[in-house]
Amino acid sequence: MIHGGRSVMITGHDTVIVTGAPVDAGIRAMLDVLDRRWPDMLVAVSEVADGVFRPWQTSRNDVPAGTGEVLVARDAQMEQRWDEVGYSLMEHDEGPFALLYQPAGQTTVQIQVNEDPYGRSGFGFEPHSATLISAGLSLVTVVTPDAESPFSRRILNALRQALISQTRQT
């Protein structure tokens, strides 16, 4: 991954989310909330910033629909250290993260269902295979410093909630 003419070390943990929500709107909603906590937040938006980090408020409308990549750092210090330490927790147990998204490449996908998708209780549930009709869905890869830190869990939960809220609005 390149930003500012430099390679960014890939050391993070990938989590993939499959959604029918408008991903660009979900990302904007999530980062608007994070911006209140990180007032000096910087982002590099693919196809727009050419790897240059800019303040969120000036880049907000640059998040593309359909396919995109958004790199996020709390401030200039975190963005500079990203090159040195990659996706790792830094000061205040926070770290940089990335959001990469695109439409699903296949129209159907075989999946393993491990939880009752109907939300029923009191019934015995056996994990089973199923077919996911993925036409019209997007894949979002969230790269966080790790899988289990409170920071990484907060980022994933914030994105999930933002995407869910966008789905309810449509």
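Modeller: Let us begin with a term: a strand is a DSSP run of E with at least two residues, and strands are numbered from the N terminus. The model before us is predicted. In this model, P55 belongs to strand 5, which covers residues 54-55.

Biologist: How many helices and strands does the chain have?

Modeller: The chain contains four helices and ten strands. Read from the N terminus on, its elements follow the order β-β-β-α-β-β-α-β-α-β-β-β-β-α.

Biologist: I should now like to examine a helix. What span should helix 1 have?

Modeller: Helix 1 consists of 15 residues, 23-37, and at 1.5 Å a residue it should span 21 Å. The C-alpha atoms at its ends are 22 Å apart, which agrees.

Biologist: Which residues of helix 1 are buried?

Modeller: The buried residues of helix 1 are V23, D24, A25, G26, I27, R28, M30, L31, L34 and D35.

Biologist: Where are the residues with a positive phi, H92 and D93?

Modeller: H92 lies in the loop between helix 3 (76-85) and strand 7 (97-103). D93 is likewise placed in the loop between helix 3 and strand 7. H92 is not a glycine, yet its phi is positive, at about 60 degrees. D93, also a residue other than glycine, has a positive phi near 55 degrees.

Biologist: Are H92 and D93 buried or exposed?

Modeller: H92 counts as exposed because its relative accessibility is 67%. D93 is exposed too, since its relative accessible area is 55%.

Biologist: Where is D146 found, and which residues does D146 touch?

Modeller: D146 occupies the loop between strand 10 (138-144) and helix 4 (150-169). Not counting residues up to four places away in sequence, D146 touches H13, L89 and S152. Its relative accessible area is 24%, so D146 is partly exposed. The C-alpha atoms of D146 and G105 are separated by 26 Å, and these residues are 41 positions apart along the chain.

Biologist: What radius of gyration does the chain have, and what would a compact globule have?

Modeller: For 170 residues, a compact globule would have a radius of gyration near 15 Å; the chain has 17 Å, which agrees. Along the principal axes, the C-alpha atoms fill a box of roughly 50 × 30 × 30 Å.

Biologist: What percentage of the residues in the chain is buried?

Modeller: Of the 170 residues in the chain, 41% are buried. The chain exposes about 9400 Å², and carbon and sulfur atoms supply 50% of that area.

Biologist: What share of the contacts with a separation of 6 or more joins residues 24 or more positions apart?

Modeller: Such residues account for 68% of those contacts in the chain.

How values were computed
Residues are numbered from 1 along each chain as its sequence is written. This is a predicted model: local features need pLDDT of at least 70, side-chain atom pairs count only at pLDDT 80 or more; totals for chains, interfaces and linings use all residues. Side-chain values use heavy atoms; hydrogens and water are left out. The expected span of a helix is 1.5 Å times one less than its number of residues. Buried means under 20% relative accessible area, exposed over 50%, partly exposed in between (1.4 Å probe, protein chains only). The radius of gyration is taken over C-alpha atoms; the globule rule is 2.2 Å times the number of residues to the power 0.38. Contact means heavy atoms within 4.5 Å. Accessible areas come from the Shrake-Rupley method with a 1.4 Å probe; for residues, only the protein chains shown count as cover.
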